[in-house]
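The following exercises are to be worked through with the sequence and the structure at hand. Each task is followed by a solution in steps.

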Amino acid sequence: MNTQNLPVDPTYRDAMGQLLVLYTQVDRLIMEICAERIATAPDEAAKLALAKQVGDESRHVAIQREWMETFGTDTTAVINPAQEDAIRAHFRALPWLEFLADMYLCVEALGSEAVEKVVPLADPGTRESLHVPLSDELDHIAFGISRLQHELAGLPDPQRAAFLAKIPRRIEELADAFDGMGLDVSKMFEAVGADYAELCTAVLKRRDEVLEQVAA
Ligand SMILES: [Fe+2]
Ligand SMILES: [Fe+2]
């Protein structure tokens, strides 16, 4: 880890620290949620992909924790325990197809897009800490998209079209739930130098891209 030239601006360090805590909490939740899902995944290929992802997310959590310690981050949870429970309950209740849409299109693809947008603004050490996690996330997104394509190909056309048509609404509902958690995400992003409106536009563009890929 790069311990040279730690940024001195306390506003930046606090905000980046909060974003790191949030990313680490989300990775840890994904790790738990995917671990639980292994038992009911529909086939061996899906079970193996989920198990690999559990290992990846565990590594991301370890990398981020180590970096946060060097960075001197206040590691107080950003998402509270009740909110964590609600997120676990949401994913636990989802059928396989809906699980794929919410986990891979929304959390993995759109969440990673937001993190990717922060990378060029980040200090060298933070950037380095995100390198391995973000490259693994690409793998997770690729699994989610190809698996969704595979499952949808097995559905009758009207059902396939109906499911695809409902995905934007699912993404909106998850975004609303995230907004409802009361985290001042826009403030955190702005404090690390991101233009929040631009970031939202990039996330929406990414949403359209992944939807196109799934529908292809
Ligand atoms: Fe991750
Ligand atoms: Fe991931």
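**Exercise 1.** Which residues does F189 touch, not counting residues up to four places away in sequence?

*Solution.* The model is a predicted one, in which local features need pLDDT of at least 70, side-chain atom pairs count only at pLDDT 80 or more, and totals for chains, interfaces and linings use all residues. Residues are numbered from 1 along each chain as its sequence is written, while chains are lettered from A and ligands numbered from 1 in the order in which they are written.

Step 1. Two residues are in contact if their C-beta atoms, placed from the backbone, lie within 7 Å. With nearby sequence positions left out, F189 touches A194, Y196 and L199.

Step 2. F189 belongs to helix α7; helices (H or I, at least four residues) and strands (E, at least two) are DSSP runs, numbered from the N terminus.

Step 3. A residue is buried if 20 or more other C-beta atoms lie within 10 Å of its own, exposed if 12 or fewer, and partly exposed in between. F189 has 21 other C-beta atoms within 10 Å and is therefore buried.

Step 4. A114 is 75 residues from F189 along the chain, and their C-alpha atoms are separated by 9.3 Å.

**Exercise 2.** Determine how many helices and strands the protein has, and compare its radius of gyration with that of a compact globule.

*Solution.* Step 1. The secondary structure comprises eight helices and zero strands.

Step 1. For 216 residues, a compact globule would have a radius of gyration near 17 Å, and the protein agrees with this at 17 Å. The radius is taken over C-alpha atoms, and the globule rule is 2.2 Å times the number of residues to the power 0.38.

Step 2. Along the principal axes, the C-alpha atoms fill a box of roughly 60 × 35 × 30 Å. Of the 216 residues, 32% count as buried.

**Exercise 3.** Which residues of α8 are buried, and which are exposed?

*Solution.* Step 1. R207, V210 and V214 are buried in α8. They cover an arc of only 75° around the axis, so they lie on the same side of α8; the arc is that of the directions from the helix axis to the C-beta atoms.

Step 1. On the other side of α8, A197, E198, T201, K205, D208, E209 and E212 are exposed.

Step 2. The buried residues of α8 pack against α4 (96-118), α5 (124-153) and α6 (157-179).

**Exercise 4.** Where does α6 bend?

*Solution.* Step 1. The bend at a residue is the angle between axes fitted to the seven residues ending there and the seven starting there.

Step 1. α6 bends by about 30° at I167, and the proline P168 follows within four residues.
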